[in-house]
Amino acid sequence: MPGIDKLPIEETLEDSPQTRSLLGVFEEDATAISNYMNQLYQAMRRIYDAQNELSAATHLTSKLLKEYEKQRFPLGGDDEVMSSTLQQFSKVIDELSSCHAVLSTQLADAMMFPITQFKERDLKEILTLKEVFQIASNDHDAAINRYSRLSKKRENDKVKYEVTEDVYTSRKKQHQTMMHYFCALNTLQYKKKIALLEPLLGYMQAQISFFKMGSENLSDQLEEFLTNIGTSVQNVRREMDNDVETMQQTIEDLEVASDPLYLPDPDPTKFPVNRNLTRKAGYLNARNKTGLVSSTWDRQFYFTQGGNLMSQARGDVAGGLAMDIDNCSVMAVDCEDRRYCFQITSFDGKKSSILQAESKKDHEEWICTINNISKQIYLSENPEEIAARVNQSALEAVTPSPSFQQRHESLRPAGPSRPPTARTSSSGSLGSESTNLAALSLDSLVAPDTPIQFDIISPVCEDQSGQAKAFGQGGRRTNPFGESEGGTKSETEDSILHQLFIVRFLGSMEVKSDDNPDVVYETMRQILAARAIHNIFRMTESHLLVTCDCLKLIDPQTQVTRLTFPLPSVVLYATHQENKRLFGFVLRTSGGRSESNLSSVCYIFESNNEGEKICDSVGLAKQIALHAELDRRASEKQKEIERVKEKQQKELSKQKQIEKDLEEQSRLIAASSRPNQASSEGQFVVLSSSQSEESDLGEEGKKRESEA
């Protein structure tokens, strides 16, 4: 019989709010059928119990049949056919009600038995299945809540096994009960027609057979009508039997196929992660803050609709907007000892939500799907194909370099020290629509086809013969507090500033611009997106030492300096407005992708809510370094002036000595020009000043010898 609405048994395992809402309509219809059938039963009971009141009872039956068209069944289906059929029945019954006297045994067999069976067996079965399904649904919700509260840090295998088995058992029980409940509700749509038509048919046949004298009231047209109704009932019964058989087979097939899905965290090898989705739906636990440190988790059904994330409570007809995820950022987070958590931050950074997935597969698929939607891939004609192409391009771009240290072999201060860059005010955020960022394209901020480095390779892991000289560290242990070790003076011991922070390296990539803080924000967004796409959640923890000379990344275990960044090369640094744990800086180095030019590399870190403190420390270090450089230049200038004065003084002294020697030589020449009385030949010898001095010294020596 056409027009029969059915509950989808195939969707019982998903248990979506739409399915529950449709189930509510069927339950309301069952209640309406039960109420109506109870009234019809009471009317037929009156026929059976009170032969004396047969005429009044038949009249009431006719009246109820006439009122069928006024009933508002949620699943009306073929109400027009049923209404017209029942209207015709009511007319015949009303005509025969004045002369019908029904034998109780005939009425009991032909009229009361089928309607009693429908009332006592079918309707009670629906009520029983409803109660069992409600209990199974509550048990499944309780099991899921216990499973969601499993501790991630203090994982107990026994407790986890018990909770997992509890989820498996309760889910299987709910699924099986729900399928049988749906089957019974679908069957009820056929049985209600049979329960309506069969008692009436039996009643009429009993009346015809009992009242021999009433044959004059039964025309051929009425007999043909009754024959058609009987044929219709048999057709409905056959259709019902076939449909019941099909539904039973569907239930058996779904039980076998759904067995692996009863586990809350299915095997990822059997159910691989699809990273190219642009639409997804499923249950998630949402964290709601109830106080400063307290929070609750609510389980709701979430689904994506275009660029929006929608949420829908169980039983609601439609969902509501949870968040706009266009140009948003998404990343996996650790939250309150719960597993499979991720955080979504809106494009303006003003709204964020922390959600928990049920399994690792759902966790990764939700992150990839939201990341694809944030890029507005869903607006294209073939979103999955474009998402696959974008993810493949990202995979090719994220290519680890052979040595992280090789990217820093040529670290040198880039020319004269620039004035210390003032720390960027926290007015920008990831995805902000600032004027500068709107005017800049992606290629103007980040170098195209540049690889992203996700990890730092420690110097002790590679050959450091040439790199140790370049950095001046030599793989030596560094005391972050500037104390000497073994009589060796630390290279940062004389620094005024020593501040130590705990940081985790997220990634670095080469950028094309280093004069705009949006470079740092765009690099943060790309690195977080790449980590989400490729499921890179591990981070290298280090100690960041900020001094007036450089920034150092120190291994917390061995105290070996992993990497050194000269402070003059740090030209830009900024922190995120909403997520205070994220900060980054741009390092200007020589070489890089173009050996003849300077290149800029942006490094992104995560700290323990100390991003602003680190940026303040770097700014303070650059100010101290600037003042120290100015003092050094002033001191050098003063020394240069003193050296010039000293040189002038020496030149002046030398000039005076020359003048004195010239005067002495002139005097000796004048003295030697007089006649020499000791010379017998009247000859004289002109002596130089030096020769005269030597002769005088010689004469004095001879005199001393003679006196001795």
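**Exercises on salt bridges and a helix pair**

E358 forms a salt bridge with R171, the closest N and O atoms being 3.0 Å apart, where a salt bridge is a side-chain nitrogen of Lys or Arg within 4 Å of a carboxyl oxygen of Asp or Glu. The model is predicted, so local features need pLDDT of at least 70 and side-chain atom pairs count only at pLDDT 80 or more, whereas totals for chains, interfaces and linings use all residues. Residues are numbered from 1 along each chain as its sequence is written, and side-chain values use heavy atoms, with hydrogens and water left out.

**Exercise 1.** Determine where E358 and R171 lie in the chain, and whether they are buried or exposed.

*Solution.* E358 belongs to the loop between β7 (352-356) and α7 (360-374), while R171 is in helix α5, 187 residues apart. Both E358 and R171 are buried (under 20% relative accessible area; exposed is over 50%, partly exposed in between, with a 1.4 Å probe and protein chains only).

**Exercise 2.** Describe the residues linked with D15 in a network of salt bridges, and state how many salt bridges the whole structure holds.

*Solution.* The network links D15 with R20, D141 and R314. A search of the whole structure finds 28 salt bridges.

Conventions. Helices (H or I, at least four residues) and strands (E, at least two) are DSSP runs, numbered from the N terminus.
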